[in-house]
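Visitor: I would like to learn how to read a few features of a protein model. Please go slowly.

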Amino acid sequence: MRSFDPVAPGPARLVVLVSGSGSNLQALLDASRTRSYGADVVAVGADRRDIPALQRASGAAVPTFVLPVADFADRSAWDSALTERVASYRPDLVVLAGFLKLTGAAFLARFGGRTVNTHPALLPAFPGMRAPADALLHGVRVTGATLFVIDDGVDTGPIVAQGAVDVEDDDDVQTLHERIKTVERGMLVESVGRMVREGYSIDGRRVRFGR
Ligand code: GRF
C-alpha cells in the first residue's frame, strides 16, 4: 500500500497536461480561485501548440510549456523531457486532463501514484481514444467518466472516482460526450480537491481518500 499525506501547509501544486479544448483544466482553474479548495495550478503543459487549453492557462496567468513528440528523436526522449519539465514545477499532483499522449517509463518512475487521468467512460469499459463513440456503438444505456491513477497500461490504473451518465435514444457522439464532460468536470474538481486536502492511499486496485 502507498499512502499520500494531505498537502499542507499552503495549497497543493498541480501541473495539468492538456491537448485540446481545456474545459477540465478550466474547471480546475476556477476551483483553485477559492483558497479553501487547497490546490493551485502552477503550470500547464501540452503536446501541441495553438489549442484553446493553452489560451485558458494564459488567461489565468498560469505558465505554459509545449513539448511536441515530433521535436524529439524518439518517444523515450520526449518522455524524459516531459518528466524533467513537469518536475521543474515541483508538483504535488499531476493531472492529465484530455492529454492525448501516453506517458512513458521515466514519467511513471517519477510521478507514479501522483498522476491522475480523466477518461470519458466507465472503465474498464471502453478504454482508448474513442470512448463515447465506442459506448454508443455497443449500445450501453449507461456510461460516464472515470478518474484513475495512471499505471503502465492504457486506461488501466486504480480508479479514484466515477460518475454515471444515461445514454439517450437520440444521442450522437457529440451530445453524449458533452454530457459526459459535464459530469467529468465535477468529478475531477471534487476528487482532486479531496486527494490534496485529505490525502489518499492506493492498496492494489483500491484508492481511498484519507490517511
Ligand atoms: C475529456 O472528455 C477527456 O476525458 C477526453 O477528452 C476530453 C477533453 O476535454 N480524453 P477538455 O479538453 O478538458 O475540454
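Visitor: In which loop is Ala61 found?

Guide: First, the basis: this is a predicted model, where local features need pLDDT of at least 70, side-chain atom pairs count only at pLDDT 80 or more, and totals for chains, interfaces and linings use all residues. Residues are numbered from 1 along each chain as its sequence is written, and side-chain values use heavy atoms, with hydrogens and water left out. Helices (H or I, at least four residues) and strands (E, at least two) are DSSP runs, numbered from the N terminus. Ala61 is found in the loop between helix H2 (52–59) and strand S4 (64–66).

Visitor: What is the phi of Ala61, and is Ala61 buried or exposed?

Guide: Buried means under 20% relative accessible area, exposed over 50%, and partly exposed in between (1.4 Å probe, protein chains only). Ala61 has a positive phi of about 60°, although it is not a glycine. With a relative accessible area of 70%, Ala61 is exposed.

Visitor: Where is Arg90, and what is its phi?

Guide: Arg90 sits in the loop between helix H3 (75–87) and strand S5 (93–96). Its phi is positive, about 45°, although Arg90 is not a glycine. Arg90 counts as exposed, at 56% relative accessibility.

Visitor: Which residues does a cis peptide bond join?

Guide: Leu123 and Pro124 are joined by a cis peptide bond, with omega about 10°. Pro124 lies in the loop between S6 and H5.

Visitor: Which residues of H5 meet H6?

Guide: Contact means heavy atoms within 4.5 Å. Pro132, Ala133 and Leu136 in H5 meet Val173, Leu176, His177 and Ile180 in H6.
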